[in-house]
Amino acid sequence: MTSAATRSFDQVVRSSERRLLRVGLMLSGNAHTAEDLVQSVLTRAHRRWDRIGGLEHPEAYLRTMLVNEFLSWRRRLKNRELPLAELDETPTTEDVSSRQAERDTAWRMLATLPRRQRAVLVLRYYEDLPDDEIATVLGCTASTVRSNAARGLAALRAELGAEG
């Protein structure tokens, strides 16, 4: 790989890594899994950067790779280590418990959806992509995207109704 292609890869990674991590987090619901997904995608992309780097929007291609990696990922983490949160040294007077409880509920509910429905909802509401772009990312039709979104939202509404 030429040094110009390597620099181009480095530039694209620097500019899109945080966004890819956020999408991975929204899809997986776990920061460590999101990091693993992004690392896997970037490793595969680096091997094929001669082709990917020549695309008009390599960032969009990387996002598509990330979603496909999430949808096909079957690996389960085997280690039994429990990550410990880093302590925040600055005390706060804000009561964040209700906001955190709402986030936890949203994550839990999103995690109950099938992977494809979750991917559609994340791409639609978090990435703000139109149905035709989501269809391109997922390799399906726009009507399939709409039906997955409708089913996913219906399932979330039903669960919200069940919880009260």
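Modeller: Let's start with Gln 117, which touches Asn 148, Arg 151 and Gly 152, leaving aside residues up to four places away in sequence. Touching, or contact, means heavy atoms within 4.5 Å. Keep in mind that this is a predicted model: local features need pLDDT of at least 70, side-chain atom pairs count only at pLDDT 80 or more, and totals for chains, interfaces and linings use all residues. Residues are numbered from 1 along each chain as its sequence is written, and side-chain values use heavy atoms, leaving out hydrogens and water.

So, where does Gln 117 sit? Gln 117 is part of helix α6 (helices are DSSP runs of H or I with at least four residues, strands are E runs of at least two, and both are numbered from the N terminus). Gln 117 has a relative accessibility of 10%, so it counts as buried (under 20% relative accessible area is buried, over 50% exposed and in between partly exposed, with a 1.4 Å probe and protein chains only). Across the 164 residues of the chain, 32% count as buried.

Helix α6 covers residues 115–126 and packs with helix α4, residues 58–72, at an angle of about 155 degrees, with the axes 10 Å apart. The axes are lines fitted to C-alpha atoms over the stretch in contact, and angles run from 0 to 180 degrees between N-to-C directions. That makes α4 and α6 roughly antiparallel, therefore (under 35 degrees is roughly parallel, over 145 roughly antiparallel, 65 to 115 roughly perpendicular and the rest oblique).

Who meets whom here? From α4 come Arg 63, Val 67, Phe 70 and Leu 71, and from α6 come Arg 115, Arg 116, Arg 118, Ala 119 and Leu 123. Zoom in on Arg 115: its charged end sits over the ring of Phe 70, 4.6 Å from the ring centre (this takes NZ of Lys or CZ of Arg within 6 Å of the ring centre and within 35 degrees of the ring normal).

Stepping back, the chain has 8 helices and 0 strands, and its elements run α-α-α-α-α-α-α-α from the N terminus on. Of the contacts between residues at least 6 apart in sequence, 69% join residues at least 24 apart.
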